[in-house]
Amino acid sequence: MEARALKSALGVYCGVFLLFLYGPMVILAILSFQGPNGGPQFPIVQWSTYWYRHLLELTPGSRVSYLPVGDSLLRSLALAVMTTIVSTVLGVITGEAFRTRFKGSGPVFYLIILGMMVPGVLVGLGMALVANMIGIDRTWWGTAFVLHVVYTYPFAFLVMLAIFNRFDRSVEEASLSLGVSPAQTFRRVTFPMIFPGVLSAMLFAFTLSYDEFARTLFTSGRELTLPLAIYGTFSVEIYPNIFAFGVLTTLFSFTLLGIYALLMLRAVSRQRSFKGQEEEA
Amino acid sequence: MTIHDLELIDVCKTYPDGTTAVSDFNLQVEPGEFVAFLGPSGCGKTTTLRMIAGFESISSGRIMIKSKDVSNIPPERRPTSMIFQNYALFPHMNVRENIGFGLDVKKMPAAERDRKVDRIMDMFGLSELAERKVDRLSGGQRQRIALARGLVVEPQILLLDEPLGALDANLRRVIQNELKLLQRELGITFVFVTHAQSEALGLSDRIVVMNSGRIEQISRPHELYTRPRTAFVAHFIGSNTTLAGSDLAFEGENASVQTAFGRMTGRCSTPMAAGAQAMAVIPAEAMRISAASPKAVPTGQNQLHGRIHMRHAVGSIGHFKIDLGGGHVVDVETSTDNKHLMALTVGDAVSVDCPPERITIVPAS
């Protein structure tokens, strides 16, 4: 009896959780198909793909100005790619370094983790002040990029730390013992085996950088990234074109996740034997 | 001067926190020899093997391979190859890629590489599995792949770290025999780490018994079994009863020591001074057991009296535990063919004796 009550309570909880998780996205998606004369709320005046065409600037004579996202989208993508590369490389290198305890590894660990702990607004503001003091321009590819790396690097590092933590060192030793150099061992043995972790680290770095707001706000200068540009349009008036844009970016994210899942599946099926070996040992 | 395949000179390993893993390790291994490091876990045998391979640095001393000091040479440039207990196969490669990996990276021409890989796969009966993934294979197959992978690069010394540890008992016997044949065929020096005395006794030309980071004894298997030199070896190898005593005395080739159960006479395995504290080591299978008749006067040499405390038989061997009183129990093994002995039951008074040439006197621990 009690177990059944608990079960239904958990069911309700789960339902509410899903509602709050997907509700906003579903509402947004529905409203993105609003007609040209509808507003950013229910009821739907007329079903149409007008606002998607509006995004692509295919609706001449619209009373609503086009969403100024083209350049900022490219900027955001470029910034996210740059951040992903640098943070993942740093994360893998430091993850490798932390496989053996070294003098000062404790403080260094917390120093790295600090980057994701400190409030973004503060670091952003601080960076703006530092840039002013030493007289460098604030740009998305300069000051903002540095902060994106500082922010995403700890995530990549933690992922790699977890991967290396359950990595069987004897596989690398076996390679060395066959006369293979450490560099070749890393390239031919270690890297293929940690690849799923590297993918996860890349995904973290990319998504965190792609919609980072607070740190970018103070440091990107005049050229805005996508989240800043979208926020900028809110201060005028909200039209359903933003919803259409939201749907498209969500689809883009899902595509990324799909690619990630596929690559992961391939890597993991290659990896299975590794676990088998561990279990038997 | 003879050239040793492997020579360890005063090798010590001390960790930064001050603990000593290995101290004063001295060993010379001849070409083609099969040497086993035997000892309980934590005795430093694996650490020593890893120092030879180059995975652990040495704190002092020298390691020479073919008279060349390799102490400061990284593992990939030593002419050694190591086989790991968990096989350490590359999970992202198939059987052929695993075995060919060492040659592949050395930029060997593809034709020559393939020829070598094919030959060794054939030798290990792996040809059928060439394109299989290593995760779908059994423990014995993986073990063979690991051996093939380690041998195809033609090392001067093959280092094996408990290579049979992860296999079940039957497979262990099979692979054990294969290893022995393989080593004889290839003539490569093998250094083998194990905690199982049967493996060490059955496989190797010489055994290095280690305890707490030190060498206890280096001997051929038969000598190790029959003439232990320390109390530790006596306890670790075979199934021996030890009786502590004092007042060591010599008479001809025999030595005797006064124990709580009379004087025990045997042979010394290592030089000792007369009058010293010593220990008599009595092998379980060297003792003769007989029913004690109440009238008999105990006059025989090396005779002990007691009651049967426990008895059981495993196959052709009967195991007896004889209680001598005062908490001393001797283990005796006899053949179950002796109907007379097998008729004895728990509580019966018996006497056991052992010829002096089978008893070894070692220094007191």
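## Starting with contacts

What share of the contacts in chain B with a separation of 6 or more comes from residues 24 or more positions apart? It's 65%. Keep in mind that you're looking at a predicted model.

## Chain B at a glance

Let's get an overview of chain B. Its secondary structure comes to 9 helices and 20 strands. Chain B has 365 residues, and 41% of them are buried.

## Domains in both chains

Chain B is split into domain 1, covering 6–226, and domain 2, covering 231–363. Taken over C-alpha atoms, the centres of these two domains of chain B are 39 Å apart. Where they touch, 7 residues of domain 1 of chain B meet 5 residues of domain 2 of chain B. On the domain 1 side, the elements giving two or more residues are strand S9 (206–211), strand S10 (214–219) and helix H7 (221–226) of chain B. Sort that side by class and you get 3 nonpolar, 3 polar and 1 charged residues.

Chain A has a domain assignment too: domain 1 spans 2–55 and domain 2 spans 70–236. For chain A, the C-alpha centres of domain 1 and domain 2 lie 33 Å apart.

## Where the chains meet

Now for the contact between the chains: chain B puts in 27 residues and chain A puts in 25. On the chain B side, S6, H2 and helix H4 (139–151) each supply at least two residues. That side of chain B divides into 15 nonpolar, 7 polar and 5 charged residues.

## An open sheet in chain B

Next, pick out 4 strands of chain B that form an open sheet, in the order S2-S1-S4-S5, with antiparallel pairing. Strand S2 (20–29) and strand S5 (68–69) of chain B are at the edges with a single partner strand each, so each has one side without a neighbour in the sheet. What holds strands together in general? Strands of a sheet pair through backbone hydrogen bonds, and they can run parallel or antiparallel.

Strand S4 (residues 60–65) of chain B pairs with S5(B) in the antiparallel sense, over 2 bridges. If you want to find a bridge yourself, look for B:Ile65, whose bridge partner in S5(B) is B:Lys68.

## A covered helix

Is helix H1 (residues 45–53) of chain B mostly covered or mostly uncovered? It's mostly covered, with 9 of its 9 residues buried. Among them are B:Lys45 and B:Arg50, along with B:Leu49, B:Met51 and B:Ile52.

B:Ala88 isn't a glycine, but its phi is positive, near 50 degrees. You'll find B:Ala88 in the loop between strand S6 (80–83) and helix H2 (95–105) of chain B. Is B:Ala88 buried or exposed? B:Ala88 counts as buried because it has 26 C-beta neighbours inside 10 Å, and the cut-off for buried is 20 or more.

B:Asp247 is another non-glycine residue with a positive phi, about 55 degrees. B:Asp247 sits in strand S11 (residues 240–251) of chain B. Since 14 other C-beta atoms lie within 10 Å, B:Asp247 is partly exposed.

Notes. Residues are numbered from 1 along each chain as its sequence is written. Chains are lettered from A and ligands numbered from 1 in the order in which they are written. This is a predicted model: local features need pLDDT of at least 70, side-chain atom pairs count only at pLDDT 80 or more; totals for chains, interfaces and linings use all residues. A residue is buried if 20 or more other C-beta atoms lie within 10 Å of its own, exposed if 12 or fewer, and partly exposed in between; C-beta atoms are placed from the backbone. Two residues are in contact if their C-beta atoms, placed from the backbone, lie within 7 Å. Domain bounds come from an automatic or database domain assignment. Ala, Val, Leu, Ile, Met, Phe, Trp, Tyr, Cys and Pro count as nonpolar, Asp, Glu, Lys and Arg as charged, and the others, Gly among them, as polar. Two strands pair if DSSP finds at least two bridges between them.
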